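Dear colleague,

I am handing over the structure we discussed. Please look through it alongside the notes that follow.

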Amino acid sequence: METEISTIGEFGLIDRVTSGLTAGNPSTVKSVGDDAAVLSYPDTDVLVSSDMLLEGVHFDLTYVPLKHLGYKAAVVNFSDIYAMNGTPRQITVSLGISKRFTVEHIDELYSGIRLACEIYGVDLVGGDTTSSRSGLVISITCIGDVAKGEAVGRDGAHDTDLICVSGDLGAAYMGLQLLEREKTASAGMKDFIPRFEGKEYLVERQLKPEARKDIVARLAEAGIRPTSMIDVSDGLSSELLHICHASKTGCRVYEDRIPIDYQTAVMAEELNMNLVTAALNGGEDYELLFTVPLHCHEQIKKIDGVKVIGHITSENLGCALVTRDGTEMPLRAQGFNHLNQ
């Protein structure tokens, strides 16, 4: 039997989801239990990022398990801190909860959030809960730090810099298309079994993404400080244009160098979708897109999971995709638009 949230109240719910929390970062002086957390960063620069997820806009609970949703909600915030060359240390979690959710539902959501915090070494230090008339709303603020002067923004790219990306692109988008396809196929059917065989990687990339903490560590070990960096949340095209706009540069990215997983290619063929378009504009891969000086080429080649996909140019040359036959096409931002839903 599930428990209505009203039976334990807001503070009972907060006590339940935060019980047993311990601080693992020295910068966490005081965690949950007071009107505010107390944090101390005497020797580093502080990074702060916020992200909001709305049911029906950013996620569909028809096929997104609450534990996976909690994990993803936390990880995408960690990714923003890594994209600044930093380390996430604390998060606050605020929820808008509609009446259809029970105590057990929120337990499941927080089990995912707490798992992400445990894996990435982040402290959950506070938040808020309130009622919602439009389903579930999740708002997370992440606090991190970086050595003084070592934060990497979007505005440092220079002409001749190499454009690099971690992992592969388009898989999360194809995972979403697969989940939506199976949701449509299941309409009105009982005991429906979705067909994910051979495409498990795509589903995982959509439901349980990972922040690229490992890439930040490998770059540091190699003594490479990116000149600019951003995480791929809204699509490669959009993110690269953000870097070029902030840095006042142009770019050339090469179609045949964009890393794409085999399962992504197979899914695109099944759905009769353009594979490169999906890789450029799909979003939610949470890979790191960054630029490094040209002289770092040999060092970058030695880092597993990183691929050079192009180079930065002067601003007057504009931003273009170079196709396999050498044709230059203007790079367009066709990824997810948060205010056009």
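Arg-181 has a relative accessibility of 23%, so the residue counts as partly exposed. Its salt-bridge partner is Glu-270, with the closest N and O atoms 3.1 Å apart. Because Arg-181 sits in helix 4 (residues 171-185) and Glu-270 in helix 8 (residues 262-270), the pair ties together parts that are 89 residues apart in sequence. Glu-270 is also partly exposed, at 42% relative accessibility. Please keep in mind that this is a predicted model.

The count of salt bridges comes to 20.

- Glu-255 and Arg-324 meet through their side chains at 3.5 Å, N to O. This pair links distant parts of the chain, 69 residues apart: Glu-255 is in the loop between strand 9 (249-254) and helix 8, and Arg-324 is in the loop between strand 12 (319-322) and strand 13 (328-330). Glu-255 counts as buried at 15% relative accessibility, whereas Arg-324 is exposed at 61%.
- Asp-214 and Arg-218 form a salt bridge at 3.7 Å, N to O. Both lie in helix 6 (residues 213-221), and because they are 4 residues apart, about one helical turn separates them. Asp-214 is partly exposed, with a relative accessible area of 28%, and Arg-218 is partly exposed at 30%.

Asp-214 and Arg-218 also belong to a network of salt bridges, together with Asp-168, Arg-205, Arg-212, Asp-285 and Glu-287.

On helix packing: the axes of helix 2 (residues 66-82) and helix 3 (residues 103-120) come within 6 Å and cross at roughly 35 degrees. The crossing is right-handed. Residues making the contact include Leu-69, Gly-70, Ala-74 and Phe-78 of helix 2, and Leu-109, Gly-112, Ile-113 and Ala-116 of helix 3.

Where is Val-232 placed? It is in the loop between strand 8 (228-231) and helix 7 (236-247). Val-232 is buried, with a relative accessible area of 1%. Leaving aside neighbours within four places in sequence, Val-232 is in contact with Leu-169, Glu-239, Glu-284, Asp-285, Tyr-286, Glu-287 and Leu-289. Two of these contacts, Asp-285 and Glu-287, are also members of the salt-bridge network. The C-alpha atoms of Val-232 and Leu-288, 56 residues apart along the chain, are separated by 6.1 Å.

On the surface, Met-52, Leu-54 and Val-57 form a nonpolar patch with about 230 Å² of accessible area together. Leu-54 lies in strand 3 (residues 44-54) and is partly exposed, with a relative accessible area of 30%.

Regards

Notes:
Residues are numbered from 1 along each chain as its sequence is written. This is a predicted model: local features need pLDDT of at least 70, side-chain atom pairs count only at pLDDT 80 or more; totals for chains, interfaces and linings use all residues. Side-chain values use heavy atoms; hydrogens and water are left out. Patches are made of residues with over 30% relative accessible area and no salt bridge: like charges are joined within 9 Å, nonpolar side chains (Val, Leu, Ile, Met, Phe, Trp, Tyr) within 5 Å. Accessible areas come from the Shrake-Rupley method with a 1.4 Å probe; for residues, only the protein chains shown count as cover. A salt bridge is a side-chain nitrogen of Lys or Arg within 4 Å of a carboxyl oxygen of Asp or Glu. Helices (H or I, at least four residues) and strands (E, at least two) are DSSP runs, numbered from the N terminus. Buried means under 20% relative accessible area, exposed over 50%, partly exposed in between (1.4 Å probe, protein chains only). Axes are lines fitted to C-alpha atoms, for helices over the stretch in contact, and angles run from 0 to 180 degrees between N-to-C directions. A crossing is left-handed if the near helix is turned anticlockwise from the far one by less than a right angle, and right-handed if clockwise. Contact means heavy atoms within 4.5 Å.
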